[in-house]
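Please read the following report with the sequence and the model side by side, and look up each residue as it is named.

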Amino acid sequence: MALYLLFEFASGYGLFEAHGLDEIGQSIEAVQNSVIDINRFGKVVKFVAIQPFSSALDALQQCNAVSEGLLTDELRNFLELNLPKVKEGKKPKFSLGISEPKLGSQIFEVLRIPCQSNDFVLELLRGVRLHIHTFIKNLKEADLEKAQLGLGHSYSRAKVKFNVNRVDNMIIQAISLLDTLDKDINTFCMRVREWYSWHFPELVKIINDNYIYARVAKYVKDKSTLSEDAISELTDITGDEDKAKDIIEAAKASMGQDISPIDLINIEQFAQRVIELSEYRKQLHSYLVSKMQDIAPNLASLIGEMVGARLISHAGSLTNLAKCPASTLQILGAEKALFRALKTRGNTPKYGLIFHSSFIGRASTRNKGRISRYLANKCSIASRIDCFSEVNTNIFGEKLREQVEERLEFYDKGIAPRKNLDVMKEAIQNSGKENGDVPKLDSEKKKKKKKKDQMEVDLVNQAPEAEEFTGSEKKKKKEKKRLREDIDVSAENGVTEEDLVASQEKKKKKKKKVVDDMDSVLEKETAVNGLGTVEGETKKKKKKKTKEIADTD
């Protein structure tokens, strides 16, 4: 059987024919050794045809199609034109070696050409790739390298295309920067406090907030110049008139030492930097909140923007977080404690980053583990909705938050929460109303359902009649079988068939007469004595008489 090789490269499609494989051997090692020598390999593999790409865009489309296992029209025409034709109803006398198994199955379905992709074929294609510039004339190695580089860049760019409005990487960077800013601002504020306390130590006890302290230090500068006229401006900075008066009184009786103007300038500049950093931190926080509403609205509504952003950052992406089970999400951020507990065989942690949620803080000590497990379950659902849903809505997050609130009330007061199915149905209806698409059953579906239910009812009603019918059939079959056996026995004893039938009819009449007598006796006794006392006796008599009849038979 002839073997053709389909080789895809940056400039186009190439078709090669492999014949005389005995010269290089059928084993993989033999092919590997022969690939290096072009004289030996060139005798086995021959160039058949080439289909160049028309442009860089065409090359990218063909590359994407091959990677996804799709057969394009260009490749189909190229194969139909250059491969031997396959007759209907007959097996082809050749096969096509390819590098992508998915593409091979597609070629076989459409063109009925048998394809193979194994180690032997891949080694042959490796040899073709190594010596492609020698097989195809006028193809320079430098031009091929440029084409490969350009196609590689465009293919990579196409693979990393994303929706600009839903980039979770921005959340990861923003929350990381926010945590870094918190540490740096805290350190710088402590430095401002220590530095300015040499000049005005009483200010530390009056102002507790770091941002307000930096603003006051920048405004006051030299405490000796502070007067009653500064009360209004200090009130604007601190937001409290009493504090402004306390600052002025403390400045008059301050124990701090005097410092030179150049030192005050440095303190002022540093306080200004701290103020700017604090203001930028506020802007970054508002940016993070808006990004979370765009990318993960349900997770943000359920657990808050900051905790949700930390979960996404720790998982690596929203997709990774959606793939995590609820048990992993519960202890996300407490990996060290988990492995320490496993190593020492102690108690494993109950929560990780979700501990910062307000729900766990509100729960009692006994119920913290239970509510963290429940909250992790709801966070897992919310992250999956955000990741895979095409509609950007926070209705599901709000409903999940209500469920967690109800669960907290259940733990504290014993009020039973709603079922998850009912809550999700309500959320789906609300989201449908928002989009103007309320889910309804079609009239045809309703009719089919009604018809099906009616058929089921009819079958149920017909079931007892069928059972009675089958029971009567069984009885008839038993009687016929017994009659045949009696006929066989009577034939052996010399009794004719007519005598046997007559005796059977006599027995039936006798049984019928006995039953009628018993019924008449029962009616008379019940009329005289009532039903209660007679029932048991008549039943006993009936049993005795039926026994006697059976014995006579």
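This is a predicted model: local features need pLDDT of at least 70, side-chain atom pairs count only at pLDDT 80 or more; totals for chains, interfaces and linings use all residues.

Residues are numbered from 1 along each chain as its sequence is written, and side-chain values use heavy atoms, with hydrogens and water left out.

**The chain as a whole**

The chain has 26 helices and five strands, where helices (H or I, at least four residues) and strands (E, at least two) are DSSP runs numbered from the N terminus. Of the 553 residues in the chain, 34% are buried; buried means under 20% relative accessible area, exposed means over 50%, and partly exposed lies in between, with a 1.4 Å probe and protein chains only. Among contacts (heavy atoms within 4.5 Å) between residues at least 6 apart in sequence, 64% join residues at least 24 apart.

| Helix pair | Angle | Axes |
|---|---|---|
| α9 (residues 168-196) and α16 (residues 305-315) | about 110° | 9 Å apart |
| α9 and α11 (residues 210-220) | roughly 40° | within 10 Å |

The angle with α16 makes α9 roughly perpendicular to that helix, whereas α9 and α11 are oblique to each other; angles under 35 degrees count as roughly parallel, over 145 as roughly antiparallel, 65 to 115 as roughly perpendicular and the rest as oblique. α9 passes α16 in a left-handed crossing, and the crossing of α9 and α11 is left-handed too, a term used if the near helix is turned anticlockwise from the far one by less than a right angle.

Which residues make the contact of α9 with α11? On the α9 side they are Asn186, Cys189, Val192, Arg193 and Tyr196, and on the α11 side Asn210, Tyr213, Ala217 and Val220. By class, this contact of α9 with α11 has six nonpolar, two polar and one charged residues, where Ala, Val, Leu, Ile, Met, Phe, Trp, Tyr, Cys and Pro count as nonpolar, Asp, Glu, Lys and Arg as charged, and the others, Gly among them, as polar. In the packing with α16, residues of α9 including Asp168, Ile171 and Asp179 meet residues of α16, among them Met306, Arg310 and Ser313. The contact of α9 with α16 divides into seven nonpolar, two polar and three charged residues.

**Aromatic rings**

The structure holds 11 aromatic pairs, in which rings of Phe, Tyr and Trp (its six-membered ring) have centres within 6.5 Å, and planes under 30 degrees apart count as stacked, over 60 as edge-to-face and the rest as tilted. One of these pairs, Trp195 with Phe270, is tilted, at 6.3 Å centre to centre and 50° between the planes. Because Trp195 lies in helix α9 and Phe270 in helix α14 (residues 261-295), the pair ties together parts that are 75 residues apart in sequence. Trp195 is partly exposed at 35% relative accessibility, and Phe270 is partly exposed at 22%.

**Two single residues**

Asn367 sits in the loop between α20 (358-362) and α21 (368-388), and is buried, with a relative accessible area of 2%. Leaving aside residues up to four places away in sequence, Asn367 touches Tyr411 and Asp412. Glu409, in helix α22 (residues 395-413), is partly exposed, with a relative accessible area of 37%.

Technical notes. Axes are lines fitted to C-alpha atoms, for helices over the stretch in contact, and angles run from 0 to 180 degrees between N-to-C directions.
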